[in-house]
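Biologist: Please place the sequence and the structure before us, and let us then discuss side-chain contacts in turn.

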Amino acid sequence: MITNFFVLSPRGDTVIAKTYRSKSGVGAHERSHTEAFFRKVKFWDGVAPGTPGMDTTLGLGSLKISSADTGEGESKESAKRFGDAPPVFVMPDGYSYMHVKRNGLIFGCATENNVSPVVVIELLSKIAKVFKDYCGTLSEESIRKNFILLYELLDELLDYGYPQVTQTENLKAFVYNEPIVVAPVADTGKMINPKTASASAVHKPVIGSVDSDGKKTSLSSNQKNEIFVDILERLSVLFSNNGYVLNSTIDGCIQMKSYLAGNPQLRLALNEDLAIGRNTTTSYGSGVTVDDINFNDCVNLSEWEHGRTLSFFPPDGEFIVLNYRMTGEFKTPFRIFPSIEEVEPNKLEISVHVRAEIPDNHFGANVSIEVPLPQSTTVATCNVVNTPGATGVNAEYVSSEKKLLWTLKKFPGCTEQTMRAKVTLSGPCTSQIRREIGPINMNFEIPMYNVSSLQVRYLRIAENMPGYTPYRWVRYVTQSSSYVCRL
């Protein structure tokens with residue numbers, strides 16, 4: 001299946017590498033190969049320096065992009081711009097490279113065989129999840145301090161490049177090394193209410209561990225019985241230039257991590273008025289309707305149809321109880337209203353008005369709004385009409401990327417924000433240059449809020465166990481996946 005596996009740091013250093021097979025005595029994991037791979041991923045827009053034969057195509061032989069194919073108005077720089085590297089591509093050494101990114105780390109592998117890319121991508125994601133379950137937190141430091149444990153895990157996960165055991169709980173019987181606990185990466189800001197922030201226990205490994213001083217810390221001693229439940233929703237929304245929603249989708253999941261002693265059976269109840277399928281009608285009136293839903297293999301659905309209740313024995317580590325998808329009309333948390341005015345032949349005025357339609361007791365955290373500008377832009381100045389309640393507001397022109405970047409640390413609900421920019425071009429604004437403006441891209445996170453109104457009614461232990469009082473942590477998070485407005 002795969003020839004080799006490696007983990008690269010954000011700087012391109014090889015943190016872990018393991019070869020399963022090689023041809024002609026040459027392994028694709030060698031430093032020169034991983035360096036060439038990292039340059040290809042890092043500098044996908046252009047030719048990676050020092051790598052003969054490498055081009056900017058998607059692994060399609062010697063196909064090149066000429067200026068004639070892209071039109072006379074575009075430069076060579078814009079003609080070869082592709083953005084981020086795809087997860088699968090071919091390198092000049094003859095190997096197909098596949099990778100995923102997790103917490104800034106690159107989990108990658110190479111293969112010389114014709115394998116299914118989807119299977120390999122899922123395998124890499126599973127390896128990253130197992131590493132996180134056993135180390136507690138996924139970072140370069142935790143991997144470097146636990147490399148003996150992780151190599152032991154790799155020996156059980158893969159045999160001659162083929163996956164063997166990939167479930168966290170099944171690997172416990174074969175793993176004997178203990179993880180060294182590393183402090184998790186600090187939060188990016190004090191934006192989340194301390195009452196709703198994750199407890200430190202969510203970063204604990206699934207097996208007994210030792211701290212940085214070598215002292216053993218057992219999961220069974222001095223630890224609360226805790227279970228963490230996250231309702232995560234990622235929004236994909238497309239707006240027209242007048243603020244109307246053209247397309248909208250919610251991809252959500254209920255994710256759990258259990259630290260309950262004895263592994264008791266749990267009961268999880270959702271909205272009673274939850275309906276599946278657009279043509280489904282319920283006797284509860286207007287309830288929550290999802291297009292489709294799928295469950296983890298461990299879930300018992302005997303009470304699902306009449307009570308919307310799930311029962312299951314939680315497996316070790318982090319796992320997804322169910323995934324769901326919702327399309328159609330729903331109330332978007334933010335609405336974007338852009339406008340462009342040509343004040344002179346080579347000068348433009350761009351205005352972006354954003355309205356938060358979430359309740360005033362919620363807020364958008366770490367909001368960023370990007371407005372791409374034409375390549376002929378010479379100067380751009382921007383100012384923000386700030387409203388009370390917003391914090392960390394900043395707007396600037398990034399000349400290297402030819403875009404306006406507007407950031408807000410906190411965007412309160414039921415408020416409005418406006419950014420105005422004056423753009424000077426090197427020449428007249430033609431229709432071709434006008435098309436280079438936009439689309440506007442918005443990124444945000446809303447803690448303790450979900451758009452679909454899917455709620456956890458209760459989370460209980462199925463059996464009555466006297467004196468057993470677990471702590472239940474439930475968190476709702478809404479994030480932007482693709483939040484775009486046309487111009």
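Biologist: How many disulfides does a search of the whole structure find?

Modeller: This is a predicted model, in which local features need pLDDT of at least 70, side-chain atom pairs count only at pLDDT 80 or more, and totals for chains, interfaces and linings use all residues. Residues are numbered from 1 along each chain as its sequence is written, and side-chain values use heavy atoms, with hydrogens and water left out. A disulfide is taken as a pair of cysteine sulfur atoms within 2.5 Å. On searching the whole structure, the number of disulfides found is 0.

Biologist: Is C109 buried or exposed?

Modeller: Buried means under 20% relative accessible area, exposed over 50%, and partly exposed in between (1.4 Å probe, protein chains only). The relative accessibility of C109 is 1%, so C109 counts as buried.
C253, at 11% relative accessibility, also counts as buried.

Biologist: How many aromatic pairs are counted?

Modeller: Rings of Phe, Tyr and Trp (its six-membered ring) pair if their centres lie within 6.5 Å; planes under 30 degrees apart count as stacked, over 60 as edge-to-face and the rest as tilted. By this rule the count of aromatic pairs is 15.

Biologist: Which class does the pair of F295 and W304 belong to?

Modeller: The ring centres of F295 and W304 are 5.1 Å apart. Their planes stand at 75°, so the pair is edge-to-face.

Biologist: What sits over the ring of W304?

Modeller: W304 is buried, with a relative accessible area of 4%. A charge sits over a ring if NZ of Lys or CZ of Arg is within 6 Å of the ring centre and within 35 degrees of the ring normal. At 4.8 Å from the centre of the W304 ring lies the charged end of R308.

Biologist: How many residues apart in sequence are the parts that F444 and Y483 tie together?

Modeller: The rings of F444 and Y483 have centres 4.9 Å apart and planes at 90°, so this pair is edge-to-face. Strands are DSSP runs (E, at least two residues), numbered from the N terminus. F444 belongs to strand 26 (residues 440-447) and Y483 to strand 28 (residues 471-485), so the separation of the parts they tie together is 39 residues.

Biologist: Which backbone nitrogen does the side chain of N271 reach?

Modeller: N271 is placed in the loop between strand 12 (266-270) and strand 13 (275-276). A polar contact is a pair of N or O atoms within 3.5 Å; within protein, one must be able to donate a hydrogen and the other to accept it, and residues adjacent in sequence count only if both atoms are side-chain atoms. The N271 side chain reaches the backbone oxygen of S453 at 3.0 Å. At 2.6 Å, this side chain reaches the backbone nitrogen of Q455.

Technical notes:
Helices (H or I, at least four residues) and strands (E, at least two) are DSSP runs, numbered from the N terminus.
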